[in-house]
Amino acid sequence: ENNGHENLLKKAEGEFLSISKQFAEPAAHQWQSLFFPIAVDGELQQLRLFVKRDRKQKENDGKKTNEEDTRFVLEMDLSQLGEMQMDGFVRRNSSNTENIQFDLIIRSHSELTPAIQKDILHIYNDMGEMTGYKGSIMFQTLKDFPVNQMEEVAADKHEGVVV
């Protein structure tokens, strides 16, 4: 704004507001998509995030509880590691905030070195200790990723892809 880019700033604010509304008001059982740029070593890369939420109300011992299952897939193409896909599943029970299950599968086309896997596992475990979630992490090396959200989003024939 100080450099005379008020119009650009307002346009960016409007776009981010539009994106946040989409994720604040999710459609049940449908994939929400968000493609966003990040700067890596001075180059722009695109991350593709897909999220699907399933909110349920259950009755347990006469008490109503809200549960939310969230599945997400984050896809990226890294210059040194190549195409990667993080496939996560978070199960949350609102009646017990300490009961969060977070399972993660990290897929790549080329095998991650033991040192990289160890570093990722260390980050995953540290975050689990800080947030209190429980879960597991798995690494897979595959020629083709078994999960392709772009195909599912296109098959839904619904609006909701934000580019």
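Modeller: Happy to. A salt bridge here is a side-chain nitrogen of Lys or Arg within 4 Å of a carboxyl oxygen of Asp or Glu. By this rule, the count comes to five salt bridges. Please keep in mind that this is a predicted model.

Let us start with Arg48. The side chain of Arg48 meets that of Glu75 in a salt bridge, with 3.2 Å from N to O. This pair links distant parts of the chain: Arg48 sits in strand E2 (residues 43-60) and Glu75 in strand E3 (residues 63-78), 27 residues apart. Arg48 counts as buried because its relative accessibility is 16%, and buried means under 20%. Glu75 also falls under that cut-off, so at 10% relative accessibility Glu75 counts as buried.

Arg48 has another partner, Glu83, and their side chains form a salt bridge of 3.4 Å, N to O. Glu83 counts as partly exposed because its relative accessibility is 25%, which lies between the 20% and 50% cut-offs. Taken together, Arg48, Glu75 and Glu83 are linked in a network of salt bridges.

Strand E4 also holds Asp87, whose partner Arg107 lies in strand E5 (residues 100-108). The side chains of Asp87 and Arg107 meet in a salt bridge of 3.1 Å, N to O. This pair, too, links distant parts of the chain, 20 residues apart. Asp87 has 7% relative accessibility and therefore counts as buried. Arg107 is buried as well, because its relative accessible area is 5%.

While you are looking at the strands, Gln32 deserves a glance. Gln32 is in strand E1 (residues 32-40), and a polar contact of 2.9 Å joins its side chain to that of Arg53. At 5% relative accessibility, Gln32 counts as buried.

For a contrast, turn to helix H2 (residues 114-131), where you will find Ile123. Ile123 is exposed because its relative accessible area is 54%, and exposed means over 50%. Together with Met127 and Met130, Ile123 makes a nonpolar surface patch of about 330 Å².

Methods: Residues numbered from 1 in each chain as written. Predicted model: local features only at pLDDT ≥ 70, side-chain atom pairs only at ≥ 80, totals over all residues. Heavy atoms only, no water. Helix = DSSP H or I, 4+ residues; strand = E, 2+ residues; numbered from the N terminus. Buried < 20%, exposed > 50% of the residue type's maximum accessible area, 1.4 Å probe, protein only. Polar contact = N/O pair within 3.5 Å; in protein donor to acceptor, adjacent residues only side chain to side chain. Patch = residues over 30% accessible without salt bridge, like charges linked within 9 Å, V, L, I, M, F, W, Y side chains within 5 Å. Areas by Shrake-Rupley, 256 points an atom, 1.4 Å probe, with all protein chains shown as cover.
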